[in-house]
Amino acid sequence: MWREAPGLPHLLGTHLLLPVKVERWLPAMRLRNRLVLDAFVQNMGVSEREVARRAGLSHSTINHLVSGRRNACALSTAIAIARAVRCPIGLLFIAERAEEQ
């Protein structure tokens, strides 16, 4: 099964389809601090829904990260969020080490 990687097409300037199994090899990204993500969203003056739309993600994905219900996501999701809020990915996320997954 193939799935489009949401953040990577914008990063690479092309559409990229990755096998779903390949995504499992990519590092999970842990949100450094949910309040920082919330501050970037608030600073933009847009809703979580608008950030989700710009990132090509569901509103629940953004809401769960901002509210603290989730603290990690896929690399492609982290890239999409960072681009949507115009922030370097390293300010929002850190790669989890393989032994932590």
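Colleague: Which residue in β4 is the bridge partner of alanine 28?

Modeller: The bridge partner of alanine 28 in β4 is alanine 74. Two strands pair if DSSP finds at least two bridges between them. Strands are DSSP runs of E with at least two residues, helices are runs of H or I with at least four residues, and the numbering starts at the N terminus. This is a predicted model, in which local features need pLDDT of at least 70 and side-chain atom pairs count only at pLDDT 80 or more, while totals for chains, interfaces and linings use all residues. Residues are numbered from 1 along each chain as its sequence is written, and side-chain values use heavy atoms, with hydrogens and water left out.

Colleague: How many bridges join β3 to β4?

Modeller: Strand β3 (residues 28-31) is joined to β4 by 3 bridges, and the two run antiparallel. Methionine 29 stands opposite cysteine 73 in β4. Methionine 29 also has a bridge partner in β5, namely alanine 95. Over 3 bridges, β3 and β5 pair in the antiparallel sense.

Colleague: In what order do the strands form the open sheet?

Modeller: In a regular strand, side chains alternate between the two faces of the sheet. Here the order is β4-β3-β5, an open sheet of 3 strands with antiparallel pairing. β4 (72-74) and β5 (93-95) are the edge strands, each pairing on one side only. From one strand to the next, the twist averages 35°.

Colleague: Which helix lies across β3, β4 and β5?

Modeller: That helix is α6, which runs at about 100° to β4. Axes are lines fitted to C-alpha atoms, for helices over the stretch in contact, and angles between N-to-C directions run from 0 to 180 degrees.

Colleague: Is α6 mostly covered or mostly uncovered?

Modeller: Burial is read from relative accessible area: under 20% is buried, over 50% is exposed, and in between is partly exposed (1.4 Å probe, protein chains only). α6 is mostly covered, with 8 of its 10 residues buried. Among them are Ser76, Ile79 and Ala82. Threonine 77 also sits in helix α6, and threonine 77 counts as buried because its relative accessibility is 12%. Leaving out residues up to four places away in sequence, threonine 77 touches Leu57 and Thr61, where contact means heavy atoms within 4.5 Å. Arginine 86 follows α6 and has a positive phi, near 55°.

Colleague: Is isoleucine 89 buried, partly exposed or exposed?

Modeller: Isoleucine 89 counts as partly exposed, because its relative accessibility is 30%. Isoleucine 89 is found in helix α7 (residues 89-92). Not counting residues up to four places away in sequence, isoleucine 89 touches Met29, Leu75, Ala78, Ile79 and Ala82. Leucine 75 lies 14 residues from isoleucine 89 along the chain, and their C-alpha atoms are separated by 9.9 Å.

Colleague: At what angle do the axes of α4 and α5 cross?

Modeller: Two packed helices are described by the angle between their axes and the distance between the axes. For helix α4 (residues 48-55) and helix α5 (residues 59-67), the axes come within 8 Å and cross at roughly 120°. Angles under 35 degrees count as roughly parallel, over 145 as roughly antiparallel, 65 to 115 as roughly perpendicular and the rest as oblique. α4 and α5 are therefore oblique to each other. A crossing is right-handed if the near helix is turned clockwise from the far one by less than a right angle, and left-handed if anticlockwise. The α4 and α5 crossing is right-handed.

Colleague: Which residues in α4 and α5 meet?

Modeller: From α4, Glu48, Arg49, Val51 and Ala52 meet His59, Ile62, Asn63 and Val66 from α5. This contact of α4 with α5 has 4 nonpolar, 2 polar and 2 charged residues. Nonpolar covers Ala, Val, Leu, Ile, Met, Phe, Trp, Tyr, Cys and Pro, charged covers Asp, Glu, Lys and Arg, and the others, Gly among them, are polar.

Colleague: How far apart are the axes of α4 and α6?

Modeller: The axes of α4 and helix α6 (residues 75-84) are 8 Å apart, and the helices pack at an angle of about 115°. α4 passes α6 in a right-handed crossing. Val51, Arg54 and Ala55 of α4 make the contact with Ala80, Ile81 and Ala84 of α6. By class, the contact of α4 with α6 has 5 nonpolar residues, no polar and 1 charged.

Colleague: How many helices and strands are there in the protein?

Modeller: There are 7 helices and 5 strands. Of the 101 residues, 35% count as buried.
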